[in-house]
Amino acid sequence: MGSGSWYGIPNYDEFVFVYYNEKLFDEVGVEIPTTLDELEDAMDAFVEAGMTPLAEAGAEYPMGQLWYTLALAEANDQFVRDYQFFDNPVENRHF
């Protein structure tokens, strides 16, 4: 493989978008969020109004990334090992 320093240039990038329905924000009385904290507050307001605040088509490529990001928010090291290395089943796992 050679010796010396190795240098790399990323050859992949991804943009993820969030689309929203202005009418629903108006209906719930929530301002369009511009920060992560405001987004979390807005999502809570939708839940309190009995609405599912986020949705993603199951066949969409970002769905796996979104699920994994949400799972990791409450995951521990054992969950990550089980999921990534198939050490143990992860179906129906509660954190």
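In helix H2, the residues Ala42, Met43 and Phe46 are buried (under 20% relative accessible area, with exposed meaning over 50% and partly exposed in between, for a 1.4 Å probe and protein chains only). Because these residues cover an arc of only 100° around the axis, they lie on the same side of H2; the arc is that of the directions from the helix axis to the C-beta atoms. The model is a predicted one, in which local features need pLDDT of at least 70 and side-chain atom pairs count only at pLDDT 80 or more, whereas totals for chains, interfaces and linings use all residues. Residues are numbered from 1 along each chain as its sequence is written, and side-chain values use heavy atoms, with hydrogens and water left out.

**Overall architecture**

- The protein chain has 4 helices and 0 strands, where helices (H or I, at least four residues) and strands (E, at least two) are DSSP runs numbered from the N terminus.
- From the N terminus on, the order of elements is α-α-α-α.
- Of the 95 residues in the protein chain, 9% are buried.
- Among contacts (heavy atoms within 4.5 Å) with a separation of 6 or more, 12% are accounted for by residues 24 or more positions apart.

**Helix H2**

- H2 comprises residues 36–48, which is 13 residues, and reaches 18 Å from its first C-alpha to its last, close to the 18 Å expected at 1.5 Å a residue; the expected span is 1.5 Å times one less than the number of residues.
- The buried residues of H2 pack against helix H1 (22–28).
- Asp37, Asp41 and Glu48 are exposed on the other side of H2.
- Asp41 counts as exposed because its relative accessibility is 51%.
- Asp41 and Val30 are 11 residues apart in sequence, and their C-alpha atoms are 9.0 Å apart in space.
- Gly50, which follows H2, has a positive phi near 80°.

**Packing of H3 and H4**

- Two packed helices are described by the angle between their axes and the distance between the axes.
- Helix H3 (residues 61–74) and helix H4 (residues 77–85) pack at an angle of about 155°, with axes 10 Å apart; axes are lines fitted to C-alpha atoms, for helices over the stretch in contact, and angles run from 0 to 180 degrees between N-to-C directions.
- Trp67, Tyr68, Ala71 and Leu72 in H3 meet Phe79, Val80, Tyr83 and Gln84 in H4.

**Phe86**

- Phe86 lies in the segment after H4.
- Although Phe86 is not a glycine, its phi is positive, at about 55°.
- Most residues other than glycine have a negative phi.
- Phe86 counts as exposed because its relative accessibility is 72%.
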